[in-house]
Amino acid sequence: MAKAYIDTTILTNVLLNVGQTREKSKSALARYSETQLPEYAVKEFRAGPFAAFIWLHNELAQSHSYGSALKALQALFGSLKRNMPATAFQALVNAQNSIGHYTPAQLEKKYGAHAKLDNILCDEVRLSLRRKVLRAWAGRHSIASKPVLSLPCFDGKGPEFRRGIFELKRGGCPRHIDCSLRARMIKRPDHLIALRDAVMRQPQKPENARRLKALNNLVRVPKQHMNDTDCRRLGDAVFAFFAPRDTRILTTNPKDHRPLAAALGKGVDTP
Amino acid sequence: MPDRDAEVINLADYIKRTDYSEPARDTAEHTAAGSKHELPQEDTTTFEGASKPTADSGYMSMEKLYPLGTEKSPELKAAVRLLQEAEAFVDEALQACRDEDFLAAAIAMQELKALLPELFCCRVIGDGFGATIVALFHSIKNHGDHAFEDGQFVTIRFLVRKLASEPFLSFEEAQKLIDELEDVGFAVESPEIGILADIVNDDVVGSGT
């Protein structure tokens with residue numbers, strides 16, 4: 001049986017998602033004789049989807065309003081120059097599965113604000129996110145059989161719950177320390193060039209432009225220290241570079257992974 | 001509104017230090033400081049074969065445990081009443097299931113589900129309480145049209161009794177109860193959490209700027 005090299009999307013699905021999406025990723029992991037989880041995936045998970053869940057939990061805790069938190073979520077996407085799918089946002093607004101929709105209006109007389117839909121939704125989602133965050137962090141290493149690609153420059157600290165919110169230090173890599181991936185990557189300039197050329201052939205989009213910039217730096221000035229920003233910009237290239245030849249990169253985003261993996265003769269699987 | 005961080009509520013205002021006719025079934029966490037009550041042995045018959053609590057079973061009612069609490073907190077008073085109803089519905093459902101009267105069991109679960117929204121309105125009691133109620137609601141809702149199994153009824157009954165005797169349970173204690181729901185096959189979360197996970201799992205969210 002093959003071995004899997006797990007990317008951030010699979011980690012996110014197993015730790016944060018629910019229902020069929022989660023089960024599909026879990027079932028996919030069960031197909032392999034060995035599942036390798038690079039610490040880089042944990043790092044990206046912590047800085048990306050995990051931090052987003054924490055942000056939303058804290059927004060709900062501080063605004064006490066589901067509607068306000070959703071508006072803030074929309075604004076956050078705008079500031080990151082990302083598009084939130086309209087159908088997904090509308091589904092969140094409707095929250096048709098909420099316990100609030102089963103709460104009779106007459107309970108408002110008895111329970112006041114605690115029986116109002118916005119307040120109910122706020123607490124319902126906040127409590128679910130709080131559980132998700134705690135469980136996800138506790139279980140982050142248990143989804144795979146083998147941790148790989150350790151990053152001595154990544155502190156890997158989890159969130160702390162204080163004053164009703166989660167505190168998550170930005171963490172990542174300390175500014176004054178050289179990225180530990182750089183020293184390993186510059187040993188294979190041929191791989192870096194192959195990856196760079198593969199990225200150049202990809203559609204123009206901000207993520208690819210950032211990745212190209214980071215790869216170009218490694219190719220042209222290999223001895224220059226790499227900071228956390230460039231480390232994160234590498235993204236999918238890290239998985240393509242470091243995945244052992246006897247593994248398959250497991251991801252829900254084959255579109256971006258395949259060209260990079262193919263450039264180094266590696267394979268990609270999806271759930 | 002109580003501070004959400006105060007997971008263990010000081011019960012000194014609620015519990016009189018007088019003799020009770022029945023021993024308290026409680027954890028050290030929820031016993032008022034300085035209480036001279038000895039904690040009874042853990043009731044090991046909570047799951048299979050557990051009967052309704054009686055005066056001799058070591059189970060203390062909410063009114064005895066928190067004699068002033070229900071007066072000072074209308075939400076606690078409502079929760080006490082609703083949890084008693086909830087336990088009755090689960091008992092009915094469990095017995096009906098064992099008698100293979102699946103229609104009666106289904107109706108009893110409908111009745112249980114109907115009172116959970118009002119129980120959630122009492123969530124000012126604490127985050128542990130609120131988290132448990134909403135997880136139970138989604139467990140039943142997500143179960144859809146499938147028949148409940150004996151073990152699932154037993155777990156729900158354990159959870160309801162636990163809440164009734166420890167309404168101020170901590171968030172961490174609540175997670176253990178919710179884990180028990182997952183262990184018997186329930187999906188404890190709302191599908192909306194999945195929508196959020198899909199949004200943040202977009203490969204570009206959070207990637208380096």
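This is a predicted model: local features need pLDDT of at least 70, side-chain atom pairs count only at pLDDT 80 or more; totals for chains, interfaces and linings use all residues.
**Entry 1: chain A overall**

The C-alpha trace spans about 70 × 40 × 35 Å along its principal axes. I also looked up burial: of the 271 residues in chain A, 55% are buried.

**Entry 2: helix α1 of chain A**

How many of the residues of α1(A) are buried? I found nine of the nine, so this helix is largely enclosed by the rest of the structure. Going through them by name, I noted T8(A), T9(A), I10(A), L11(A), T12(A), N13(A), V14(A), L15(A) and L16(A) as buried.

I then picked out T8(A), which is found in this helix. Its relative accessible area is 10%, and buried means under 20%, so T8(A) is buried. I also checked T8(A) against G48(A): the two are 40 residues apart along the chain, and their C-alpha atoms are separated by 9.2 Å.

**Entry 3: helix α5 of chain A**

Next I turned to α5(A), which runs over residues 86-94. Here A88(A), F89(A) and L92(A) are buried. Why do I put them on the same side of α5(A)? They cover an arc of only 100 degrees around the axis, and that places them together on one side. On the other side of α5(A) I found A86(A) and T87(A), both exposed.

**Entry 4: aromatic pairs**

I counted ring pairs over all chains and got nine aromatic pairs. The one I looked at in detail is F50(A) with W137(A): the ring centres are 5.2 Å apart and the planes are at 25 degrees, so the pair is stacked. For reference, the cut-off for stacked is planes under 30 degrees apart. This pair links distant parts of the chain, since F50(A) belongs to helix α3 (residues 39-63) and W137(A) to helix α7 (residues 117-138) of chain A, 87 residues apart. Are these two residues buried or exposed? Both F50(A) and W137(A) are buried.

In chain B I looked up F148(B) and F153(B). They form a tilted aromatic pair, with 5.6 Å centre to centre and 40 degrees between the planes. F148(B) has 14% relative accessibility and counts as buried. F153(B), at 1% relative accessibility, also counts as buried.

**Entry 5: charges over rings**

W137(A) came up again here. The charged end of R140(A) sits over its ring, 3.8 Å from the ring centre.

I moved on to the second largest pocket, which has a volume of about 520 Å³. Which residues of its lining are the closest to its centre? Of the 22 lining residues, they are V14(A), R22(A), K132(A), E182(B) and E189(B). V14(A) is one of the buried residues of α1(A) I listed above.

I also sorted the lining by element. Those that give two or more residues are α1 (8-16), α2 (19-30) and α7 of chain A, together with α7 (171-183) of chain B. Which element gives the most? That is α2(A), with five residues. By class, I have eight nonpolar, five polar and nine charged residues in the lining.

**Entry 6: positive phi angles**

R163(A) has a phi of about 55 degrees. It sits in the loop between β4 (160-162) and β5 (165-167) of chain A. With 67% relative accessibility, R163(A) counts as exposed.

The other residue is E100(B), with a phi of about 60 degrees. Where does E100(B) lie? I found it in the loop between α3 (74-98) and α4 (102-120) of chain B. At 60% relative accessibility, E100(B) counts as exposed.

Notes. Residues are numbered from 1 along each chain as its sequence is written. Chains are lettered from A and ligands numbered from 1 in the order in which they are written. Side-chain values use heavy atoms; hydrogens and water are left out. Rings of Phe, Tyr and Trp (its six-membered ring) pair if their centres lie within 6.5 Å; planes under 30 degrees apart count as stacked, over 60 as edge-to-face and the rest as tilted. Helices (H or I, at least four residues) and strands (E, at least two) are DSSP runs, numbered from the N terminus. Buried means under 20% relative accessible area, exposed over 50%, partly exposed in between (1.4 Å probe, protein chains only). A charge sits over a ring if NZ of Lys or CZ of Arg is within 6 Å of the ring centre and within 35 degrees of the ring normal. On a 1 Å grid over the protein atoms alone, a cavity is a set of points where a 1.4 Å probe fits but cannot get out, and a pocket is an open set with protein on both sides within 12 Å along at least five of seven lines; lining residues have an atom within 4 Å of a point. Grid points are joined across faces, edges and corners, and a volume is the space filled by probe spheres set on the points. Ala, Val, Leu, Ile, Met, Phe, Trp, Tyr, Cys and Pro count as nonpolar, Asp, Glu, Lys and Arg as charged, and the others, Gly among them, as polar. The arc is that of the directions from the helix axis to the C-beta atoms.
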